Amino acid sequence: MILCKYCLKMYQAEMNHDRACRYHPGLFVCRFHPNSAKASADGLGYYGDGEKNDGWPARFWDCCGSEDETVSGCSYRRHMSYDDNDSADAGLYMLRIKNDGSYH
């Protein structure tokens, strides 16, 4: 079994295919706060506590906008091990999932 560096699941090389890995291509990030009075301690103006303040979710996936850190990935691709080189993956296939469940 091999560990996929994108979805962090174990897989068998012979069972790998273009939609085997579901992952987020972006990062789970802190949202910029629209009110400078709510600036974080470092003065950058980002939420730092991960809570919802003034109705604005503090953190979200920057690839799909989901505010749930544990939600399944929004894209598909082949599994890739930590030993694989990204540029060598000529068969890269990504399929984004829209909010309504359809694909693009």
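Modeller: Let us begin with a term: contact means heavy atoms within 4.5 Å. This is a predicted model, in which local features need pLDDT of at least 70 and side-chain atom pairs count only at pLDDT 80 or more, while totals for chains, interfaces and linings use all residues. Residues are numbered from 1 along each chain as its sequence is written, and side-chain values use heavy atoms, with hydrogens and water left out.

Biologist: Among contacts in the protein chain between residues at least 6 apart in sequence, what percentage join residues at least 24 apart?

Modeller: The count here takes in contacts between residues at least 6 apart in sequence. Of these, the part that joins residues at least 24 apart is 55%.

Biologist: Which pattern does the protein chain follow along the sequence?

Modeller: Helices (H or I, at least four residues) and strands (E, at least two) are DSSP runs, numbered from the N terminus. The protein chain has zero helices and seven strands. Read along the sequence, the pattern is β-β-β-β-β-β-β.

Biologist: Which residues make up the largest nonpolar core?

Modeller: Buried means under 20% relative accessible area, exposed over 50%, and partly exposed in between, with a 1.4 Å probe and protein chains only. A nonpolar core is a set of buried Ala, Val, Leu, Ile, Met, Phe, Trp, Tyr and Cys residues joined through side-chain atoms within 4.5 Å. The largest such core has five residues, namely Cys4, Cys7, Tyr11, Cys21 and Tyr23.

Biologist: Is Cys63 buried or exposed?

Modeller: Cys63 lies in the loop between E5 and E6, and its C-alpha atom is separated by 7.8 Å from that of Cys74, eleven residues apart along the chain. Because its relative accessible area is 16%, Cys63 counts as buried.

Biologist: Which residue does Arg78 meet in a salt bridge?

Modeller: A salt bridge is a side-chain nitrogen of Lys or Arg within 4 Å of a carboxyl oxygen of Asp or Glu, and by this rule the count comes to two. For Arg78, which is partly exposed at 28% relative accessible area, the N to O distance in its salt bridge is 3.7 Å. The partner of Arg78 is Asp18.

Biologist: How many residues apart in sequence are the parts that Glu69 and Arg59 tie together?

Modeller: Glu69 forms a salt bridge with Arg59, and their closest N and O atoms are 3.9 Å apart. Glu69 lies in the loop between strand E5 (59-61) and E6, whereas Arg59 lies in strand E5, so the parts tied together are apart in sequence by ten residues.
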